[in-house]
Amino acid sequence: MNLTESLRRIVGDTAFLGAADVATRSAGCLRPDNLQAAALVRPANTDEVSQVMRWCFENNIGVVTHGGLTGLVHGGDAKPDEIILSLERMRAIEDIDPMQRTATVQAGVVLQTLQEAVEQHDLAFPLDLGARGSATLGGNAATNAGGNRVIRYGMTREMVLGIEVVMADGTIVSSLNHLIKNNAGYDLKHLFIGSEGTLGIITRLVLRLREKPTTTNMAFVGLDSFTAVAGFLKHMDRTLGGTLSAFEVMWQSFYHLVTMAPARGQPPIAQDYPYYVLVESQGADRELDTRRFNSAMEAALESGLIVDAAISQSDADCHAFWSLRDDVEQVMHGGLPVVFDISLPISEMDNFADNFRAALPAAIGEHKLWIFGHLGDGNLHVIVQVRPQDYMASRPKIEALVYSPLAAFRGSVSAEHGIGLEKKAYLKVSRGETEIALMRTLKSALDPKGILNSGKIL
Ligand code: ZN
């Protein structure tokens, strides 16, 4: 039986797309191109995923798993002879347990859908990122997504208690642990979290929920120096007594990008500061939290650590502040972006940014540069936009300028987006030979035929 007939038989006619139909679908976030693959299947449940994998294993067909297609490292690209397995029909929130504070979900549930569902129980799933409206929980786990509240709650890895995985040969491994503490042998879920679909297909998850914070205080802050930005982080973290929930930095050009036309965002403070910070505190006592937040801000202003600030007066203000930070799509106007997602020590960040900015004109000529990121996590996003006709020639030069300084102190070529295809050549900047050898050992043990998202990461 050929591929089309066999896979149609497993998932049903309407859940199978042939190559021509696949090519009409967008390749995803910040991508101008469309998908390609021999076929796309949309299984309805774990059993169908398992049957698809068993058939692909027997017939040596490569499989690329898709969630919400919000990744930025070409981790979901398929070759023309591979199939795409999309989890878009596996969207059930199976259980929310307010006492144990867990949610059990299928992998295709959209992040924002779960955030809203658990709020009904006065709980929070604290993973949050700009792509919340499309990114799926399976994808978040497969890429160990980071986002805006890592400073308080950690990355996705810290929020997953259990998973169910379909292995390359179709075997279903159910490890749907509900316990916070479980040291009974190897913690298998961590093999798959952050493996970018190369070791198994995550089909269901048990996620850890938290009590929902009921108050949010935010400020948009202008600062004169990077030393002040770093000092302000320590000041707020120390003063807010554990309620600091986000600390986002923006160099001036990013602030201009999101507060000037064609962007629709309004600038909350003047546009001439070299650095901006979005700081957020979440707690449970409106009066007390507001007093503490405001007095922390006053102290920072009085001591000259910060020079200007707009403090939120309402939920609408908080929403408007976050919209500015999340309006990264603006980088698509007027050229093609080369996107980076690096980790480096806070003490190196400003030097890195200065040297990079200074080196760009000689290396690539005309361009735009934006730097912003999750300062509290040591994670910067660097985006260089070039003219479409310059993209292919400029990209390797820009990559070399970003990655060579990182090698000196083994910073990370990927803080949160993963390796995919984009960063593959640079994995050795961040990982040693024996680390990469062990990754290869795991890959060949779990996927002996190399059919799961082949060619990604390693
Ligand atoms: Zn980020």
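Two strands count as paired if DSSP finds at least two bridges between them. In this predicted model, Val221 stands opposite Ala309 in strand S15.

Val221 and Ala309 face each other where strand S12 (residues 215–223) pairs with S15 in the antiparallel sense, over 4 bridges. Strands of a sheet pair through backbone hydrogen bonds, either parallel or antiparallel. S12 and S15 belong to an open sheet of 7 strands, with the order S15-S12-S14-S13-S17-S18-S16 and antiparallel pairing. At its edges are strand S15 (308–311) and strand S16 (336–343), each of which pairs on one side only. On average, neighbouring strands in this sheet are turned by 15° against each other, with direction ignored.

Two helices can be described against this sheet. Helix H8 (residues 226–239) packs on the sheet and touches S12, strand S13 (244–251) and strand S14 (275–283). The direction of H8 makes about 175° with that of S13. Helix H11 (residues 315–326) lies across S12, S13, S14, S15, S17 and strand S18 (379–386). H11 runs at about 50° to S12.

## The zinc site

Which residues coordinate the zinc ion? The donors are His374 (NE2), His381 (NE2) and Glu416 (OE), at 1.8 to 2.2 Å. Along the chain, the donors of the zinc ion follow the spacing H-x6-H-x34-E.

The pair of His374 and Glu416 links distant parts of the chain, 42 residues apart. His374 is in strand S17 (residues 368–374), whereas Glu416 is in the loop between helix H13 (391–408) and helix H14 (427–430). Are His374 and Glu416 buried or exposed? Both residues are buried.

## Helices H12 and H13

Two packed helices are described by the angle between their axes and the distance between the axes. For helix H12 (residues 346–364) and H13, the angle is about 155° and the axes are 10 Å apart. Angles over 145 degrees count as roughly antiparallel, so H12 and H13 are roughly antiparallel to each other. H12 passes H13 in a right-handed crossing.

The contact between these helices involves several residues on each. In H12, they are Phe352, Phe356, Ala359, Leu360, Ala363 and Ile364. These meet Ser394, Lys397, Ile398, Leu401, Val402 and Pro405 in H13.

## Helices H1 and H3

The crossing of H1 and H3 is right-handed.

On the H1 side, the residues in contact are Leu3, Ser6, Leu7, Ile10 and Val11. Their partners in H3 are Glu48, Gln51, Val52 and Trp55.

How many of the 8 residues of strand S10 (residues 201–208) are buried? The number is 6, and the strand is mostly covered. In a regular strand the side chains alternate between the two faces of the sheet.

S10 pairs with strand S6 (residues 102–106) in the antiparallel sense, over 5 bridges. In this pairing, Thr104 stands opposite Val206 in S10. Strand S8 (residues 160–166) also runs antiparallel to S10, and 6 bridges join S8 to S10. Here Val160 stands opposite Leu207 in S10.

Methods:
Residues are numbered from 1 along each chain as its sequence is written. This is a predicted model: local features need pLDDT of at least 70, side-chain atom pairs count only at pLDDT 80 or more; totals for chains, interfaces and linings use all residues. Side-chain values use heavy atoms; hydrogens and water are left out. Buried means under 20% relative accessible area, exposed over 50%, partly exposed in between (1.4 Å probe, protein chains only). Donors are N, O and S atoms within 2.8 Å of the metal (3.2 Å for Na, K and Ca); water is not among the atoms, so sites may look incomplete. Axes are lines fitted to C-alpha atoms, for helices over the stretch in contact, and angles run from 0 to 180 degrees between N-to-C directions. Angles under 35 degrees count as roughly parallel, over 145 as roughly antiparallel, 65 to 115 as roughly perpendicular and the rest as oblique. A crossing is left-handed if the near helix is turned anticlockwise from the far one by less than a right angle, and right-handed if clockwise. Contact means heavy atoms within 4.5 Å.
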